[in-house]
Amino acid sequence: MEINERIREFVVENCLFGDTSVDLTDDTALLDSGIIDSTGVIEMVFFISETFGLEVPAEDMLPENFNSIARLSAYIEQRIPVG
Amino acid sequence: MCGIAGALNLTAARGTPLPDLHAMLTMLTHRGPEEAGFYADDRVGLAHARLSIVGVGNGLQPIPNEDGTIWAICNGEFFNYVELRDGLRERGHQFRTDSDTEVLVHLYEEQGWQAIEALNGQFAVALWDARQQRLMLGRDRLGVRPLFYTTYQGQFLFASEIKALFAAGVPRQLDAHGMAQVFTLWSPLPGGSIMAGVREVLPGHVLFAHPGSAELRQHAYWHLRFPAADEIESRTPEEYVEEIRATLQQATRLRLRADVPVGAYLSGGLDSTLISSIAQAQLPHQLHTFSVAFHDDAYDERSYQFQVAEQLGTLHHVIECDAERIRATLPDVLWHTEVPLLRLTPVAMYLLSQLVHQHGLKVMLSGEGADEFFGGYDIFKETLVRRFWARQPDSRLRPLLLSRIYEHIRDLQSLSPEMLRPFFGQHLTETDLPYYSHMLRWQNTRRTHRLFAPDLVASLADYHVVDTIAVQLPREMMQWEPLARAQYTEITTFLSAYLLASQGDRVGMAHAVECRHPFLDQHMVALSNRIPARWKLRGLRGEKYILRRAAQGIAPDEIVGRLKQPYRAPIRSVFNGRALPDYAQELLSDPQIRASGIFAPQAVRLLVAKAQKSPAFSEVDQMAFIGVLTTQLIHHMFIADWDHQMATRRRDLRMTRLG
């Protein structure tokens, strides 16, 4: 599964409780819209660590890395060691 | 303290049978287990279940005037009844009882319904005036005591609790708007309920009903008001300190009036410590104090409670609230609150009043109201910080103040200013809205609507709770100081509607325990409301500044200097990593969720799994989980399983006919 699909699945199940009526595109603002709250950010960090084996340092916890599925995917992709 | 119930025939036809007053009253026996009386003629019925506190020997109600043309019942107390009675006697009124309720009867003879303005107390009353053919209901200024009403089959029915209306055959159905309100504000809006067609008399209001007329009229006899910012008085803090001390001493002295011993709740915070200190100093004997201890260290304040009890020399009692006890008690608590909960603190207060009852006490003092009237809550600080930030919305540093306010919320501490912005920066610059202070909180809580079933969501498409609040706010509100606006919003939508009900009257009266609140004395309220905001909240660490100064030398120093810890019961540790209790397993199952029809089954499944397993369970998730579980309990007890619940939970009592 693509990185963005795995993130989407996590967000839908864990933050939206399966509510598919929310229009969730890769660019939907996750923080500003309240889909992810402050605890949700910590959950996301935990999910990234469990799923992709990546530790997210505090200085990377920024809206530019977290505010949409696309940004999260880009951040993870760029952090995953090549090969 | 007591339970009241009654009915009035609204149709022109005389002789229509009244609802079964006895059946109604048997649902309120927990409020008044000691004796019961009623008055009934062919148009009106008043019934009263009594817990004797004042006039123990001869206070059977309803109480008539000299010629039997006025009959009154009261749940609660008029603390200034001694002074009022002296005046009435001087003016020639004959008193037959020592009950404070009789004061209202004679005062009404003199002044009509405006008599209610003279009462300093916490009460819900009903008064039948045969001469004017008018039934009057009334509630105290802040709504300490409940009073619900409805109309059904040509009758006007009222009662201290909704279950008594249901016992009279009133249809039972959840109200969609009420549900939306609870899952936004934690309670229905003042005057409403979660049951369709059931309403509550507003705090500070009287309601009139007439036989043979369908028209009900509600009228405010008191308004919560603050001074305009440009007209605020400016006195020295020393003057305010003196005034607070004198007024609070007097408010406490009045609330120690009872023919039975009075105890005090002690949380370990400033407010209850101050009240306990004042009460102990006024009493010739040792005060009984009671407190809750939690198994979860993050919520436990027992070391402070013991410290205060030791220094004041009170007889202290503690109830240990562990996870098992909280889980086991929850259904009984919901039977009493009659409204879903989003937090578990009412369970702790329920267990606490049980402990009080076991020690044979029935009147307790509390510190409730100090946070609202003297600026003790984090939401007040949050409002001031957001207003400060809104003046420079691009500031990188200003949002950091928010993580300082919420030091007890761990998840916030790891967030940078950039990450705080999306959470606290919403509606940041809308500072000219009167309810600016509460927008974020309501918006956050409203996220729990995600759990609602699609049908319920659809029926709420055009309903916006915040709009309903906005139209009810006083027009002059924007002339008040920003803190006063936040206080008004907090007091009307949270203190009166939630704290005094689900965390106050209902869980106290579940065990026939009456709570008295010196900070809610009308003279305390008037005083605190005219103190300028700058003496209430001074910076992020200066909450309740002027009250703290007033407490110096009265309450122990360690407590006066201590910062507030939010008083609440744990949730995460009660359900995380454990199997659900049997009732929860059943009520949260797919078939039960489908049967009640309020929530989406798949959403509930995911939420429940998260509650039990996930290491991270946010504030909103916690509210959603408790909200779903308690709504299912309400639906089960009051709708699906009502006949059985009523039969097993009612307690019989013998009613004496009067008149």
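## Basis of the values

The model is predicted, so local features need pLDDT of at least 70 and side-chain atom pairs count only at pLDDT 80 or more, while totals for chains, interfaces and linings use all residues. Residues are numbered from 1 along each chain as its sequence is written, chains are lettered from A and ligands numbered from 1 in the order in which they are written, and side-chain values use heavy atoms, with hydrogens and water left out.

## The interface

Chain B contributes 26 residues and chain A 23 residues to the contact (heavy atoms within 4.5 Å). The buried area is about 2,100 Å², with 63% from carbon and sulfur atoms; this is the accessible area (1.4 Å probe) that two parts lose on being put together, summed over both.

One salt bridge crosses the interface (a side-chain nitrogen of Lys or Arg within 4 Å of a carboxyl oxygen of Asp or Glu). Glu43(A) and Lys610(B) form this bridge, at 3.0 Å from N to O. Helix 26 (601-613) of chain B is among the helices that each supply at least two residues to the side touching chain A, and helix 26 gives the most, with five residues. Helices here are DSSP runs (H or I, at least four residues), as are strands (E, at least two), numbered from the N terminus.

## A sheet in chain B

Seven strands of chain B form an open sheet with mixed pairing, in the order 10-8-9-1-3-2-18. Two strands pair if DSSP finds at least two bridges between them. Strand 10 (199-200) and strand 18 (655-657) stand at the edges with a single partner strand each, so one side of each has no neighbour in the sheet.

Strand 2 (residues 35-40) and strand 18 run parallel and are joined by three bridges. Phe38(B) has Arg657(B), in strand 18, as its bridge partner.
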